[in-house]
Amino acid sequence: MRALPFAALLLAGCATTSVPVAIEAPMVAATAETDPVDTAADAADDPAIWRNASDPAKSLVIGTDKKAGIHVYSLTGKRLSFTPAARLNNVDLRDLGGRVIAAASDRADVNTAHVSLFTLDTAAAKLVPLGRFPVGPGEAYGMCLWTRARDHALFGFVVLKDGRIDQVAIDLSGASPKVTTVRSMKLGTQSEGCVVDDRTGQLYVAEEDVGLWRFDADPSAPVTGTPIAKVDGRTLVADAEGLALAPSGRTGGYLVVSSQGDNAYTLYRLPGVTYAGRFRIGGGGIDGTSDTDGIDLMLGDFGPAYPGGLLVAQDGDNAPATQNFKYVGWDAVRRALKLR
């Protein structure tokens, strides 16, 4: 449910005569890029990262082509495999004690939202389909996963294009997965990007033209969200798209948001969600990003190229080639923004 004070603030901002100017953002160079997707126009959408703890340089990145299927890439950006699937949009994954599960929002049926599940065969660098499962009425758009700390139960959040958020329980204990819708929440307008902090059980969702919301991820919690940051044209420019986390300690770190409207990325300091800076990707030997939809970020050692963590961002204009994903070292972001 939308909180009235937040909506009132938004309307008050729209009533002013001055046009907001986005805060300047330093450039951070991409260090690698993926092979472009095979389909043209608006195709590449959302990435997810798997870190190989025993051999970090052999970690993998998966990325959706929402017109054709889902790719697996190496840390150099080379495409290692492709799994055909109709209209997958957002994707997330969790490593469940050696079994890596990926979940994607499935838009093949615009009248009934589905989740498509895969196992990531990390040795073969290939996604193995586990099936597609109905969630509820409407068109699936965003997708993120949560592993509950107290019992390691796996949940997914499917963000519908109209702003509804359906939470599903994913049971992998049987011969085939079981996906059950356990509750629904609602934002007022089009929403997509989401991410869950496994440490705190907090779900963050981007309502594209309004701002960011936080919900308690537990299925027994209230369905009312809390507004935490608004699209103001300065720190965050519509559309607000992909979300990712850089956790630190028990509750600290950063929430990163694709500020698609001005080709930038905005950081908020956790747990208070206070503005911490913004940056753009560009200025290196690899072309930069623009119109970014999905992003993912994982901290830790990814080998010599990314010793402090890896950020992956979809590039909406990779001309003259089709769209792809760009890789950025988290250490480079920290230096550019002088983060602790």
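Let me start with the pocket, where strands β3, β7 (88-96), β11 (140-147), β15 (191-197), β19 (240-248) and β23 (295-299) each supply at least two residues of the lining of the largest pocket; strands here are DSSP runs of E with at least two residues, numbered from the N terminus. About 640 Å³ of space lies in this largest pocket, and of the 37 residues that line it, the closest to its centre are Asp 92, Arg 94, Val 195, Asp 296 and Leu 297. A pocket, on a 1 Å grid over the protein atoms alone, is an open set of points where a 1.4 Å probe fits, with protein on both sides within 12 Å along at least five of seven lines, and lining residues have an atom within 4 Å of a point. The volume is the space filled by probe spheres set on the points, which are joined across faces, edges and corners.

Before going on, please keep in mind that this is a predicted model, in which local features need pLDDT of at least 70, side-chain atom pairs count only at pLDDT 80 or more, and totals for chains, interfaces and linings use all residues. Residues are numbered from 1 along each chain as its sequence is written, and side-chain values use heavy atoms, with hydrogens and water left out.

As for confidence, the mean pLDDT of the chain is 94, with 95% of its residues at 70 or more, pLDDT being the predictor's confidence in each residue, from 0 to 100. Over residues 1-15, however, pLDDT stays under 50.

Now to the sheet, which is open, has four strands in the order β3-β4-β5-β6, and pairs them antiparallel; two strands pair if DSSP finds at least two bridges between them. Strands β3 (44-50) and β6 stand at the edges with a single partner strand each, so one side of each is left without a neighbour in the sheet.

Conventions:
Contact means heavy atoms within 4.5 Å.
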